[in-house]
Structure formats: C-alpha cells, structure tokens
Amino acid sequence: MSEWWRGTRLVAGRAMTETVRSRSFRVVTLILLLIGTAGVVLPQVLGGDDGTRALAMVGPAPEGLVESLDATTAGSGLEVEYVEVDSSDAARQAVEGGDADAALVGDTLYAGSNLTDTFPGTVAQAVTMLETSERLADAGLSAEQVAELQQVSPPQLVRVGGAEDADRAGAGFLVGIVLYLAVTFAGSAIATSVATEKASRISEVLLPVLRSSQILVGTVLAVGLATLAQLLVLLTPVAVGVRVTDEIGLPEAAAADLALGVVWFVLGFALFAFVFAASGAMVDKVQDVGGTIAPISIILIAGYMLGVVFAAQDSDGPVAVVASIVPVTAPLVMPIRWAAGTVPVWQLVLAMVLTAATAVLLAAFASRVYRRALLITGRRAKWSEVLGGSTPA
C-alpha cells in the first residue's frame, strides 16, 4: 500500500506543480482573492449606515408624535432626528435633496425614492397610532385604557416552507452557485488533463511503471487540491468577515454555511471527479472531451436548477427534500436547503453518508473504465469495450 501511495503522490505532485506554475491558475486565484476580499471590504466602505433617519416637518415635531415614534422604534436600534423647515415645499425639497429621509406634512408623507428600508412605514405606523389614541381618548377612554390597547401584541409570526433568515438563505444560494461552478470547472479540467495525457502518449510512458489507479487518483487529487485551494481563497475572507463585522449583511450562521459548503464541494468533487476522468480517457482527441462529458454536465445543471428553482423557493417541498438527499444532486441542493434553516440534521447526515457511499462506488466503476479506455488508442473507445469482460488489446 505504501508503494502504491508513493507512486500516486508522484503523479499528484507533478500535476500540482504544473498547475500551480501555470499563468491561468495564478490569475484565477488572484481574481478569486480580490472577489472574496471585496465582498468584505466594499460593504463597510459603501455602507456607512449608522441607524439614524431624518424626518422633516414644518415647525417643531409634536411631542405626541415623538413619543409615538419612540415607542414604535423601541428595540430596533433606529434613531430619529427631526429636521425643522418653514413650509411644505421646503419639507419636500429636503427629501429630494437628501437632507431628510422622509417628510411629514399634514396627511402627506414624502419618502426618498432611493430609501429601501421600512422607515416611511414606521412613521406611518406612529402617526396612525397617535391618531388612534386621540380618537379613543375623545371616545371617553382613560389614558390607562388607551395605553393598554396600544400594548396589545400581534400574533407570533412563524414562517412555513420558506427561509427562517432571508440573508442566510441568500448566502446559501450563492454557495450553491459557487459549488456548481467549482465542480463543473474542476471536472472539465480533469477530463481535459486525462485526454491530453492520452493523446500525447504520456499515459503510455507511465503505465509500464505505474498502475492505472495511481495515475487516475494522482490526477484527480491534484486537480481537487488546486480547486479546493481556490475555493478557500474565495470563501475564507467572506467567512471571516461574517464573524467580525455586521456590515456584510449576513448573519453569523452564514460562516458555518460557508464551511459546510466546502465540505459539500469535497463530497461533490469525489462523486463526479473519477467519472470525469474516465470520460476523458474515452476519447483519443482533446477536442472531443466536451461531447463525452456532456451527460455529466447535464446532471450537474439539473442539480443546480433543482436547487435554484425548488430548494430556494420552498425548502421543505417534496422535490427539494428528495433532490437534497439523492446523491447525484445532493451536493448542489442540500447547501441551499440547509441555509434556509429548516432542514433536520438527520437529513443532512443521511445525504452526506449516501453521497460518500455513492462516490466510492462510482470511483470503482470509473477506475475500471479508465484502465480499459487508456489501452484503446487511435480512436474513441466504445462503452461495450470498456465494460466488457476482457481487457481490450
């Protein structure tokens, strides 16, 4: 076993050295590092939201409205500043010029078109609460009775079938995209590498001194480690940023989701990598690789679409649940479902175990195809030959 592993390391080391020294690897890694860093730095540079909103009003703000707004925003971390203006036109101009986020003039509430939060709705709620209190008082209710009515709590909101945290679900959606691209590009790189070695007769030089399994595992291991390194370069800055700052807009749980995404990449890569390698060994010309890996690409696209269409929209739906457990689609669907926060732990564990077991079976199948396909040169190998009982000449 130690002799087998020594030969495998030699193949992997040679392939890793060539990959790391390539200009394309360095450029892509640098770009991924810049993207990951930008995802942390830009929200802090461009955010600048201190939780303060400015409300413009003609004259001083009524004491009742101030108290009502304070009660409405209590516990939200939002602070309201009041901008006093001379006229309704000045109030509207304050909003248009960016001096105020909203303006209240009589029964009219002006809000900036670029304001995307709920501050205008909060002001409207406070005004409604104040008006309701005044009418209840006019109807003969005491101040204590009005206060009791205002303290009535709304029903508890429980989300069903959707994400418990929209920001975390969004992070899971992005992780799904990254995993799809990583597995697809890594698989294509493996198939191309195998096809190149076969077309250039390098595999014929290696076969007399190394086993086919050593060449296969070494090639897969080299590409997998290179892709994993690039994936970590992309996701690590984001995961660290989630833990140390709130400016990114992602909850702390997203850091664990990113780490889980790396685990799913390893499982997904192990599931498909050997099949990609076997497909690359089937061809005799490198330009034919695209056709032979097309069925695998279709499976990956199907898994990605199931994650985007079903898991992101209804994480507890039957299609999403099945697709997140079935091994061939689980690596792309389960990370999206898990980030929704509604997946039982047993489903996650089951999906991982089934995916790992399937990866072992596919590796054994692909190794047999790879070993036989390497011996067929000068033309494209046929499935009847590589799956036959005898070794082709």
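This is a predicted model: local features need pLDDT of at least 70, side-chain atom pairs count only at pLDDT 80 or more; totals for chains, interfaces and linings use all residues.
Visitor: Why is D284 called buried?
Guide: D284 has a relative accessible area of 16%. A residue counts as buried under 20% relative accessible area, as exposed over 50%, and as partly exposed in between (1.4 Å probe, protein chains only). The value of 16% falls under the 20% limit, so D284 is buried.

Visitor: Where does D284 lie, and which residues is it in contact with?
Guide: D284 belongs to the loop between α10 (253-282) and α11 (289-292). Helices (H or I, at least four residues) and strands (E, at least two) are DSSP runs, numbered from the N terminus. Contact means heavy atoms within 4.5 Å. Leaving aside neighbours within four places in sequence, D284 is in contact with A199, R201, T377, G378, R379 and R380.

Visitor: What makes D257 a buried residue?
Guide: The relative accessible area of D257 is 6%, which is under 20%, so D257 is buried. D257 lies in helix α10. The C-alpha atoms of D257 and G172 are 6.9 Å apart in space, although the two are 85 residues apart in sequence.

Visitor: How do you know that V223 counts as buried?
Guide: V223 has 12% relative accessibility, again under the 20% limit, and therefore counts as buried. V223 is found in helix α9 (residues 212-244). Not counting residues up to four places away in sequence, V223 touches A186, A189, I190 and F269. V223 and A15 are 208 residues apart along the chain, and their C-alpha atoms are separated by 7.8 Å.

Visitor: How many of the residues of β1 are buried?
Guide: In β1, 6 of the 7 residues are buried, and the strand is mostly covered. For the protein chain, buried residues make up 41% of the 393 residues. The secondary structure of this chain comes to 16 helices and 4 strands.

Visitor: What makes β1 and β2 a pair?
Guide: Two strands pair if DSSP finds at least two bridges between them. β1 and β2 are joined by 7 bridges, so they meet this requirement, and they run parallel. M57 stands opposite E84 in β2.

Visitor: How do you know that β1 and β3 pair?
Guide: Strand β1 (residues 52-58) and strand β3 (residues 102-105) share 3 bridges, and the requirement is at least two, so they pair. The sense is parallel. In β3, the bridge partner of L55 is A102, and that of A56 is A103.

Visitor: In which sense do β3 and β4 pair?
Guide: β3 and β4 pair in the antiparallel sense, over 4 bridges. L104 has L109 of β4 as its bridge partner. The two strands form a hairpin with 2 residues between them, and G106 in the turn has a positive phi of about 60 degrees.

Visitor: Which way do the residues of β3 point?
Guide: In a regular strand the side chains alternate between the two faces of the sheet. A102 and L104 point one way from β3, A103 and V105 point the other way, and all are buried.

Visitor: Why are β2 and β4 called edge strands?
Guide: The 4 strands form an open sheet in the order β2-β1-β3-β4, with mixed pairing. The edge strands are β2 (79-85) and β4 (108-111), each of which pairs on one side only.

Visitor: What makes α13 oblique to α15?
Guide: Helix α13 (residues 318-325) and helix α15 (residues 345-373) pack at an angle of about 45 degrees, with their axes 8 Å apart. Axes are lines fitted to C-alpha atoms, for helices over the stretch in contact, and angles run from 0 to 180 degrees between N-to-C directions. Angles under 35 degrees count as roughly parallel, over 145 as roughly antiparallel, 65 to 115 as roughly perpendicular and the rest as oblique. An angle of about 45 degrees belongs to the rest, so α13 is oblique to α15.

Visitor: Which residues make this contact of α13 and α15?
Guide: V321, S324 and I325 of α13 meet Q347, L350, A351 and L354 of α15.

Note on methods: Residues are numbered from 1 along each chain as its sequence is written. Side-chain values use heavy atoms; hydrogens and water are left out.
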